[in-house]
Amino acid sequence: MNAPAWRVRPGGSLAGKIRIPGDKSISHRVMLLGAIGTSPLEAHGFLHSEDCLATRRAVEALGARVEDLPAGGVRVLPPERLTAPRGPLDFGNSGTGIRLMTGLLAGREIDAVLTGDASLQRRPMERVAAPLRRMGARLETSNGCPPIRIAAAGPLQPLDYAMPVASAQVKSALLLAGLSARGRTVIRQPALSRDHTERMLAALGCSVEAGDWGAAVVGPTRPRGGKIIVPGDFSSAAFFIVGGLLAGGDVPIELTGVGLNPTRTGLLEILGMMGGRIEIARLREECGEPVADLLVWRSELKGIDVPPELVPLAIDEFPALFVAAALASGTTRVRGAEELRVKESDRIAVMARGLEAVGTRVVEQPDGLLIEGGRMTGGTVDSGGDHRVAMSFAVAAARATAPLEILDVANVATSFPGFEQAAAALGLGIETLTPGAAA
Ligand code: S3P
C-alpha cells in the first residue's frame, strides 16, 4: 500500500448530530469573485479543503490577499487589477477551480498557465476553451486537457452560447468571462445546472438574469465586496444521508446547516422515490441560498429507474446513490449520466468495479449503471483516487457482511477534510491505514 486507505467495520448503527462543512462550489466562487471585487469580501463557513485552498493560492498568485478570520472565515482583498502570476497556477484535483479561473482570466490581459494533478490533466477543457475563443480569448489546451495556456487578449466580445451539456462549470466560466466583455453574454443550458455563480453575482450587486433557460450578465462589471455565509455542502451531507438511511438507529441522525439549493438536491427526490425518509427542518435563507437541518431516518430502500432529468441535479451524488442502490431491494437503473465518466474519475467504471468487488451485480452501460440491490460483502475497493467514491463505500460498509478496505483515500481532503472524524462521531467503525502499514 503506498497511499492511505481505510478499513471500515460492518455492523452497528449511525446516530447523532453533525455540522456539515462548507460548500465547495460556493467556496471556490468566494475566492474568484472576491479577487475581482471592488472591496473586500468576507466569507464565513469557507471550506478549507485542498481544492478550495488551490483556488485560494491561485488568486493570491494573481495579486489578491487572503486573510484568515477567527472560526475559519476568510477575507479576500482584491487588487486594483489582477497581475500575471510568476509560475503555473496549480489547481490540484479541482475541475471547478481550473475551469472557472480560465473564464475569469480569459479577457484580463494576462498570460497564465493553469494545470493540476494527474486526474485533472485527463479532464476535458475544450468545453470552456472553445466558447471562450469565440469571445476573442487566446488560449490553448494540451490535447484538450490541462495545462491550459492563456495569452493576454484585449477586451472580449460578448457571446450568446447554447451549451451542449448542462454544466455549471462551463456556464460559470463563460459568465465570469462575460464580466469583462463589453455587452450581454447569454449562456443557455439544455437542462438545469447549479446556479451558485448567478446567485452570488446577484448578491454582490452585478446585473445578472437567471432562469431555467440559463443565465446572462452585462459587462464590463465588477462584483462589490461584502459578507457571505457559506452553507454546508449538500454533496458532503449526501454520504451521511445515505449512511443514515442504510444504517441509522431508532432515532434519526441530524445533519445541520446543509445548503438546499434546488439545483443541487436531486438526490433527495431520488432517495424519496426509493422509500427514504428525510425530513427538512428549520429551513431558512442565507445570502440567497436555502439552508436547513436534515433528519435522516433508517429506511427500507427499493430500486427504481432514476428519471434522467434528475441527473444534473444530483451529478456529484451518484457514487452515494449507487451504494444505496446496492443495498436496496430490487434493481436500480441510471441512464443519461455519461458526464460521470469525466469527473475526478470515470465514476461509472470505478463504481462498477468497486461494487463488483463487494459482491454486487452490476451492468455497466455507456451512460449509466444497472444495479441489482440486496447485499454487500466485505472486500477491497479501489477508489481510483476519487474522494466521493471513497466516502460512499465508507458509509455503505456499515451494512456490509464483513470489513471493507477502501484504497487510495487521500483525495478525501479535496472536499471533506475531517470526514473520518465526522463518520466516527456518528458511530462508523472507520480506521485509517497509513502507507507502510500492513494492509
Ligand atoms: C461544479 C459543477 C459540476 C460538479 C462539480 C462542481 C461547480 O461540474 O460536478 O463538482 O462548482 O460548478 P459540471 O459543471 O462539469 O457538471
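Biologist: Contact means heavy atoms within 4.5 Å. On that basis, which residues does Thr331 touch, not counting residues up to four places away in sequence?

Modeller: With those sequence neighbours set aside, Thr331 touches Gly303, Ile304, Leu370, Ile371 and Glu372. Please note that this is a predicted model, in which local features need pLDDT of at least 70 and side-chain atom pairs count only at pLDDT 80 or more, while totals for chains, interfaces and linings use all residues. Residues are numbered from 1 along each chain as its sequence is written, and side-chain values use heavy atoms, with hydrogens and water left out.

Biologist: Understood. How many helices and strands are there in the chain?

Modeller: The chain has twelve helices and 24 strands; helices (H or I, at least four residues) and strands (E, at least two) are DSSP runs, numbered from the N terminus. The radius of gyration is 21 Å, close to the 22 Å that the globule rule gives for 439 residues, so the chain is as compact as a globular protein of that length. That radius is taken over C-alpha atoms, and the rule is 2.2 Å times the number of residues to the power 0.38.

Biologist: What box do the C-alpha atoms fill, and what share of the residues is buried?

Modeller: Along the principal axes, the C-alpha atoms fill a box of roughly 60 × 45 × 45 Å. Of the 439 residues, 60% count as buried; buried means under 20% relative accessible area, exposed over 50%, and partly exposed in between (1.4 Å probe, protein chains only). Among contacts between residues at least 6 apart in sequence, 75% join residues at least 24 apart.

Biologist: Back to Thr331, then. Where is Thr331 found, and is Thr331 buried or partly exposed?

Modeller: Thr331 belongs to strand E19 (residues 331-334). With a relative accessible area of 27%, Thr331 is partly exposed. Its C-alpha atom is separated by 30 Å from that of Phe419, 88 residues apart along the chain.

Biologist: Now helix H5. How many of its residues are buried?

Modeller: Eleven of the eleven residues of H5 (residues 168-178) are buried, so the helix is largely enclosed by the rest of the structure. Among them are Lys171, Leu174 and Gly178. At the start of H5, a side-chain oxygen of Ser167 reaches to within 3.2 Å of the backbone nitrogen of Gln169. Such a polar contact is a pair of N or O atoms within 3.5 Å; within protein, one must be able to donate a hydrogen and the other to accept it, and residues adjacent in sequence count only if both atoms are side-chain atoms.

Biologist: And which elements do the buried residues of H10 pack against?

Modeller: Helix H10 (residues 347-357) is mostly covered, with eight of its eleven residues buried. Those buried residues pack against helices H9 (318-326) and H11 (387-396), and against strands E20 (361-365), E21 (368-372) and E22 (379-382). The N-terminal end of H10 is capped by Asp346, which has a side-chain oxygen 3.2 Å from the backbone nitrogen of Ile348. Just after H10, Gly359 takes a positive phi of about 85°.

Biologist: A change of topic: where is Thr263 found, and what polar contact does its side chain make with a side chain?

Modeller: Thr263 sits in the loop between strand E15 (253-259) and helix H8 (266-273). Thr263 is buried, with a relative accessible area of 7%. Its side chain makes a polar contact with the side chain of Asn261 (2.5 Å), and a polar atom of that Thr263 side chain lies 3.3 Å from the backbone nitrogen of Asp195.

Biologist: Finally, what is phi of Ala71, and what is phi of Glu109?

Modeller: For Ala71, phi is near 60°, a positive value in a residue other than glycine. Ala71 counts as exposed, at 85% relative accessibility. Glu109 has a positive phi of about 55° although it is not a glycine, and is partly exposed, with a relative accessible area of 48%.
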